Amino acid sequence: EYTWPVNWDIPDFTSILEPLYFMHSLHSTHPNLLPLLRSLGPHFLRSLTSALLASNQHFPSLLLATLYGLRSGHTTLCVQGIFGAGKTFSASLLLIVLSTILDVNTLLSAEPNLPLATAIENIDLLLQDASDDVRAQYGRILANHVKVSSKLDMTPLDRQASFKADSPKRCILVTQGSLLRDLCRDHPQLQSFIQSCRVAINDEAQQGGQAGFTVLAGFLSIHCLQILTGDKEQNRSGTGGEPTKE
């Protein structure tokens, strides 16, 4: 078992990534990987290493299950954990691996806004010393009157420019209520991005049953892997006590 502190320091980042044998191996097998690792920044690499070697094995389990699901053509992956188990943090780390390293479009949605605020703050922190090009791939779409909590947050005025054909966006965080309002418009802004997603994470999925939850599933590609994360049981706050939603 490994004990790998989160505050692990890399005195000379390039000295680790650039030994001759390491460089030659990367250039011959994955020539674009070394600059990509640099662009993510040392803080992300420290956090990724810590998560991969953590004794609880939460993140490696989620990562391997997701990669297996993608390669095998599965469309649903359920992730269950009690409050505070690290589901949202693991999902945030997974989104960066998928979006930036594997270059696939991803989505994180939830009915309450709090999990999304936590996730975008996680991503912002993980990519604190990443390049501007990498950070530009991420954004949380804010509904009207929702306060900005991260530099990666997008106000309603930012949406149109963020979803043009040449947009750098690879990962979007949005509430299911906002998705419902957008996808029911005559000219939805998010439809093409949603249909291009290979992975969509529904946080607090035990509260599924709302209209936005169903509409999102209807617009996703049939090849998209949906990851449903949440607690063990549905609760009354998620359904309002309505038997149909339960």
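How do the residues of the lining of the largest cavity divide into nonpolar, polar and charged? They divide into three nonpolar, four polar and three charged. Here Ala, Val, Leu, Ile, Met, Phe, Trp, Tyr, Cys and Pro count as nonpolar, Asp, Glu, Lys and Arg as charged, and the others, Gly among them, as polar.

The model is predicted: local features need pLDDT of at least 70, side-chain atom pairs count only at pLDDT 80 or more, and totals for chains, interfaces and linings use all residues. Residues are numbered from 1 along each chain as its sequence is written, and side-chain values use heavy atoms, with hydrogens and water left out.

The sheet is described next. Helices (H or I, at least four residues) and strands (E, at least two) are DSSP runs, numbered from the N terminus. Two strands pair if DSSP finds at least two bridges between them. Seven strands make up an open sheet with parallel pairing, in the order β1-β7-β6-β2-β5-β3-β4. Its edge strands, β1 (76-80) and β4 (153-154), each pair on one side only.

Strand β2 (residues 106-110) has five of its five residues buried, where buried means under 20% relative accessible area, exposed over 50%, and partly exposed in between (1.4 Å probe, protein chains only). In a regular strand, side chains alternate between the two faces of the sheet. Thr106, Leu108 and Ala110 point one way from β2, while Leu107 and Ser109 point the other way. β2 pairs with β5 (residues 171-175) in the parallel sense over five bridges. Ala110 has Thr175 of β5 as its bridge partner. β2 also pairs with β6 in the parallel sense, over four bridges. There, Thr106 is partnered by Val199.

Strand β6 (residues 199-202) contains Asn202. This strand pairs with β7 (residues 225-230) in the parallel sense over four bridges, and Asn202 stands opposite Leu228 in β7. Asn202 is buried, at a relative accessible area of 1%. Its contacts (heavy atoms within 4.5 Å) are Ser109, Gln176, Phe213, Leu216, Gln226, Ile227, Leu228 and Thr229, not counting residues up to four places away in sequence.

On a 1 Å grid over the protein atoms alone, a cavity is a set of points where a 1.4 Å probe fits but cannot get out, and lining residues have an atom within 4 Å of a point. Grid points are joined across faces, edges and corners, and a volume is the space filled by probe spheres set on the points. One cavity of 30 Å³ or more is found. The largest cavity holds about 50 Å³ of space. Ten residues line it, and Gln176, Asp203, Glu204, Gln207 and Phe213 lie nearest its centre.

Glu204 belongs to the loop between β6 and α12 (211-219). At 24% relative accessibility, Glu204 is partly exposed. Most residues other than glycine have a negative phi. Glu204, although not a glycine, has a positive phi of about 55°. Asp103 also is not a glycine and has a positive phi, of about 60°. Asp103 is found in the loop between α6 (87-101) and β2.

Cysteines complete the survey. The whole structure has zero disulfides (pairs of cysteine sulfur atoms within 2.5 Å). For Cys171, the nearest cysteine sulfur is that of Cys197, 8.5 Å away. Cys171 is buried, with a relative accessible area of 0%. The sulfur of Cys224 is 6.0 Å from its closest cysteine sulfur, in Cys197, which is too far for a bond. Cys224 is buried too, at 3% relative accessibility.

Key: 1 Å grid on protein atoms, 1.4 Å probe; cavity = no way out; pocket = protein on both sides within 12 Å on 5 of 7 lines; lining within 4 Å.
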